[in-house]
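Hi everyone, thanks for coming. I'd like to walk you through a structure today, so let me put it up on the screen.

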Amino acid sequence: MHGKALPYLLLMPATLFLCIFFLYPFALVAFEAVTRDGAFTLDNFRTMAGSWKFPVTVRNTVLLAAIVVPIQLTMALLMASVVSRLETGRGAALYVFAIPLGISDLAAGLIWLAIFDQSGFLNTLLSSLGVIDRPVMFLGYQSKLTIFIAVALAEIWRATAIMMVILVAGMGLIPKEYYEAAEVFGASPWQRFVRVTLPLLRPSLQTAIILRVILAFEVFAVVAALGGTNLPVLMGETYNWQFTLQDRNVAAASALLILAISIAFTLFFLRVLRVPKEARI
Amino acid sequence: MAEIAIKGIAKRFGGFTALHQVDLTISDQEFMVLLGASGCGKTTLLRIVAGLERPSQGEVWIGGRRVDHLPPRERGIAMVFQNYAVFPHLTVFENIAFGLRMKKLPQQEVERRVNRTAELMHIEQLLKRYSGQLSGGQRQRVAVARALAMEPDVILMDEPLSNLDALLRLEMRAELKGVLAASKTTTIYVTHDQVEAMSLADRIAVMHQGRIVQAASPVEVYRNPAARFVGSFIGNPPMNFIPATKAANDSWTVAGLTLPGPRSDKQKLEFAIRPEDVDAGGEGLHATVRVVEPLGPHTLVTCDVAGGLFRAILDSNASVQVGDDLRLAPKPDRIRWFDPETANAL
């Protein structure tokens with residue numbers, strides 16, 4: 001066996017797998033998005049953008065991402081700082097924080113539905129405390145704001161831990177001496193966080209933010225469980241075009257739009273949080 | 001004025017006692033070296049003075065102010081770390097300026113101090129670079145410059161030269177001595193390298209198993225070790241020790257030789273002499289030569305004296321062969337006596 005060929009040979013199965021089950025379908029979807037009845041056209045994108053739901057969908061999705069991701073980032077940084085500083089019980093704390101990660105997003109949506117539902121835990125609690133005398137409909141079609149808040153809460157609850165895990169790993173890579181040096185040279189705990197932790201955490205921040213932003217634009221099951229069609233989002237609309245309206249070409253166009261947004265944000269954060277080669281640890 | 005007083009400092013890590021009731025006073029502008037083998041507690045003591053470690057008991061005073069409850073930034077100290085801790089995400093300029101920025105000094109003053117210390121450490125051409133673009137020696141210079149830029153009362157140094165190669169270490173050692181003497185700071189310097197300690201220190205505090213065994217000037221520590229450990233640790237090769245038994249009231253038998261010694265009611269003592277403090281020939285200890293090492297300026301001879309190892313440094317002109325029987329006469333004023341039970345000097 002030729003030594004140089006071996007690594008490529010070992011990578012072959014995975015590469016083939018990705019080509020067959022990812023690249024090929026992706027090419028098909030891309031092709032479907034820009035054709036109709038075999039002819040090249042941009043009509044699919046026009047149809048998608050022309051739908052009365054489209055602006056609402058985009059607004060909801062962007063708003064959700066813009067609110068959820070910064071809150072998650074802040075919380076994840078806070079949690080990671082606390083966890084990193086623990087001397088005992090660090091593993092246990094990580095496990096507890098990471099529990100929501102093990103739950104599927106639909107299940108997470110259903111858990112929060114069980115809380116906000118008309119006969120849910122929140123109503124039961126409020127009425128047993130005597131705050132309300134009859135159940136409140138939190139998630140009705142008239143209360144879009146409550147639905148939005150419920151979805152945001154569920155998303156924060158569900159997916160903050162993944163950011164935290166990445167940040168804890170990143171913080172573990174920062175040598176302790178840097179903090180000690182900063183401390184000796186006059187930095188307060190907050191200054192140490194801003195002037196040492198954050199800059200040295202950039203690679204991990206990059207990974208965590210990109211991952212979360214991509215997932216935020218793909219939000220679907222939690223919204224479906226809590227809001228049904230009352231809070232339309234991009235992924236939900238893609239689903240609608242495919243299965244309710246049976247138009248695979250527009251669905252493909254919609255999927256491509258989500259991909260384009262994801263790529264755009266990925267490139268943006270790669271650029272903004274780039275660490276120059278000479279400034280790496 | 002920054003006199004440092006360490007009063008009854010003890011440090012326990014779980015069941016392990018790293019420091020037992022250490023007392024040490026370092027006068028203003030003094031260069032104090034904490035010397036000891038690894039694990040003797042010297043770095044722990046330094047970190048307690050810095051405030052990076054809390055003592056289990058005892059007090060630390062700097063410049064007449066009790067500081068052991070204060071965070072490091074309120075102690076008026078600067079520190080040079082063993083692996084430099086030069087921030088990788090900042091340029092050399094910003095690294096040196098770090099402490100000044102924390103103090104919120106005006107930009108003009110920051111620039112003045114950074115440029116001055118960079119010049120002092122000969123790194124003014126590196127100010128725009130990042131740590132990743134520097135050699136170990138250059139990083140070391142940045143770390144020292146960062147400490148000096150603070151114009152602190154006290155500089156703490158934790159084995160600052162141990163990661164440099166031998167030649168660079170020699171160069172930096174001489175430079176550090178000059179720079180620190182000029183800066184008029186009080187310095188505590190931790191090292192396991194006795195040559196470094198001897199060459200830099202005004203006073204050396206020799207540490208062993210969490211205690212300061214002796215704190216005195218380099219020459220004093222070398223000539224008059226307060227304990228057997230000091231004699232066996234300092235000096236290369238170290239002191240020779242031979243058991244001695246009482247011959248008369250103030251004379252002792254050492255390997256068959258009767259020598260005048262201290263009056264003591266003990267029956268056994270330990271005789272000690274530095275390798276360079278013996279003369280070949282005349283009346284002396286019976287020694288059988290085992291190894292001869294000509295080192296240029298002198299010859300190192302390893303012999304067998306009364307069944308024990310004995311090293312002597314002889315003139316390089318001495319013609320000594322393996323197997324020779326020598327007479328090694330100890331210089332009377334350099335003989336030291338130790339109590340074998342307490343290991344302390346008499």
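This is a predicted model: local features need pLDDT of at least 70, side-chain atom pairs count only at pLDDT 80 or more; totals for chains, interfaces and linings use all residues.

Let's begin with chain B as a whole. Its secondary structure amounts to 8 helices and 19 strands. If you take the contacts in chain B with a separation of 6 or more, 63% come from residues 24 or more positions apart.

Now for a sheet in chain B. In what order do its strands run? The order is S6-S7-S8-S3-S9-S10, in an open sheet of 6 strands with mixed pairing. At the edges sit S6 and S10 of chain B, the latter covering residues 211–216, and each of these pairs on one side only. From one strand to the next, the twist averages 20 degrees.

S3, residues 31–35 of chain B, and S9, residues 203–208 of chain B, pair in the parallel sense, with 4 bridges.

Next, where the two chains meet. On the chain B side, 21 residues are in contact with 16 residues of chain A. Strand S6 (77–80) and helix H2 (92–102) of chain B each supply at least two residues to that side. What kinds of residues does chain B bring here? They divide into 14 nonpolar, 5 polar and 2 charged.

In the model, residues 61–80 of chain A are 100% helix and 0% strand, with the end C-alpha atoms 27 Å apart. Residues 92–115 of chain A are 75% helix and 0% strand, and there the end C-alpha atoms lie 26 Å apart.

Last stop: helix H13 of chain A, residues 248–272. This helix has 25 residues and reaches 36 Å from its first C-alpha to its last, close to the 36 Å expected at 1.5 Å a residue. Its buried residues include Asn249(A), Val250(A) and Leu257(A). And what do the buried residues of H13(A) pack against? Their partners in chain A are helix H1 (5–33), strand S1 (35–36), helix H2 (43–50) and helix H12 (234–244).

That's my tour, and I'm happy to take questions.

Technical notes. Residues are numbered from 1 along each chain as its sequence is written. Chains are lettered from A and ligands numbered from 1 in the order in which they are written. Two residues are in contact if their C-beta atoms, placed from the backbone, lie within 7 Å. The expected span of a helix is 1.5 Å times one less than its number of residues. A residue is buried if 20 or more other C-beta atoms lie within 10 Å of its own, exposed if 12 or fewer, and partly exposed in between; C-beta atoms are placed from the backbone. Ala, Val, Leu, Ile, Met, Phe, Trp, Tyr, Cys and Pro count as nonpolar, Asp, Glu, Lys and Arg as charged, and the others, Gly among them, as polar. Two strands pair if DSSP finds at least two bridges between them. Axes are lines fitted to C-alpha atoms, for helices over the stretch in contact, and angles run from 0 to 180 degrees between N-to-C directions.
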